[in-house]
Amino acid sequence: DSPTEAVKGWVREVRERGFVIVPEFLSPLQVEQQRAAMARVPVLLGGVGGNGHMSRTIRAHNLIGKTRACDPIIEDPRLLSLVKGVLGEEIQISVTTLMDMLPGEKEQNFHQDDRRYKLPRPHIPLVFNCIIALDEFTTANGATRLIPHSHTWGEDENAAMVAGGVDSGGKVVTIPDHVAAQ
């Protein structure tokens with residue numbers, strides 16, 4: 001299927017800005033269904049966080065192996081068209097994770113999720129991150145902080161950050177060599 005004009009616009013925005021925020025990607029009913037399904041998934045609390053502190057984030061890894069509730073999102077033609085529009089036709093899902101940052105959680109440092117690949121920056125996108133906000137996602141409660149155009153930086157560039165807040169049901173998509181922090 002060919003992508004809709006909206007999806008083509010999202011792809012352009014990801015390529016140009018490094019991310020796109022899509023309000024109301026899920027309907028209110030889908031958000032409630034996902035909340036109910038995620039409430040039944042076994043979770044972990046604690047562990048060492050990204051800044052070396054004890055984490056106050058609830059996590060559940062490998063959601064695909066724990067619930068089929070993610071299938072409608074993963075199989076959404078808009079999402080698939082967006083991912084393929086950025087990465088190309090050959091894609092593979094590698095990680096599905098639930099995260100719920102509790103009050104008192106520390107902010108992550110800015111980072112690029114693809115730093116494990118020892119390629120000079122900038123480079124073609126290698127992986128694609130997608131965040132689905134089931135609850136309001138604000139700077140005050142731990143929204144991912146994003147730096148526009150940071151996917152085009154060389155090794156030593158800096159720029160101003162922006163908040164990546166989204167209402168519940170919205171979606172934030174980033175290219176992983178884009179600089180971000182939660």
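Predicted model: local features only at pLDDT ≥ 70, side-chain atom pairs only at ≥ 80, totals over all residues.

The questions and answers below set computed values against definitions.

Q: How many helices and strands does the protein chain have, and what counts as one?
A: A helix is a DSSP run of H or I with at least four residues, and a strand is a run of E with at least two, both numbered from the N terminus. By this rule the protein chain has five helices and nine strands. Along the sequence they follow the pattern α-β-α-β-β-α-α-α-β-β-β-β-β-β.

Q: Why is Gln34 called buried?
A: Buried means under 20% relative accessible area, exposed means over 50%, and partly exposed lies in between (1.4 Å probe, protein chains only). Gln34 has a relative accessible area of 8%, and is therefore buried. This residue lies in helix H2. In the protein chain, 41% of the 182 residues count as buried.

Q: Why is Glu24 called exposed, and why is Glu136 called partly exposed?
A: The relative accessible area of Glu24 is 66%, so Glu24 is exposed. For Glu136 the value is 49%, and therefore Glu136 is partly exposed. Glu24 is found in the loop between S1 and H2, whereas Glu136 lies in the loop between strand S5 (129–132) and strand S6 (145–146).

Q: Which residues are in contact with Gln34, leaving aside its neighbours within four places in sequence?
A: Contact means heavy atoms within 4.5 Å. With those neighbours left aside, Gln34 is in contact with Leu26, Ala69, Cys70, Ile73 and Leu134. Ala69, in the loop between helix H3 (63–66) and H4, touches Gln34, Ala37 and Met38, again not counting residues up to four places away.

Q: What makes a set of residues a nonpolar core, and how many residues has the largest one?
A: A nonpolar core is a set of buried Ala, Val, Leu, Ile, Met, Phe, Trp, Tyr and Cys residues joined through side-chain atoms within 4.5 Å. The largest nonpolar core has 25 residues, and those with the most contacts inside it include Trp10, Phe25, Met38 and Leu63. Among the elements that give two or more residues to this core are helix H1 (5–17), helix H2 (28–39) and helix H5 (77–87). In H5, the buried residues are Leu79, Ser81, Leu82, Val83, Gly85 and Val86.

Q: How do you know that S2 and strand S3 pair?
A: Two strands pair if DSSP finds at least two bridges between them. S2 and strand S3 (residues 57–61) pair in the antiparallel sense over two bridges, and the bridge partner of Leu44 in S3 is Arg59. The open sheet of three strands has the order S2-S3-S4. Strand S2 (44–45) and strand S4 (97–101) are called edge strands, since each pairs on one side only.

Q: What makes the charged end of Arg78 sit over the ring of Phe25?
A: A charge sits over a ring if NZ of Lys or CZ of Arg is within 6 Å of the ring centre and within 35 degrees of the ring normal. The charged end of Arg78 lies 3.9 Å from the centre of the Phe25 ring and sits over that ring. The charged end of Arg145 likewise sits over the ring of Phe110, 4.6 Å from its centre.

Q: What makes the backbone at Glu24, Asn62 and Pro122 worth noting?
A: Most residues other than glycine have a negative phi, and most peptide bonds are trans. Glu24 is not a glycine, yet has a positive phi of about 55°. Asn62, also a residue other than glycine, has a positive phi near 55°. A cis peptide bond, with omega about -10°, joins Arg121 and Pro122. Pro122 is found in the loop between S4 and S5.

Key: Residues numbered from 1 in each chain as written. Heavy atoms only, no water.
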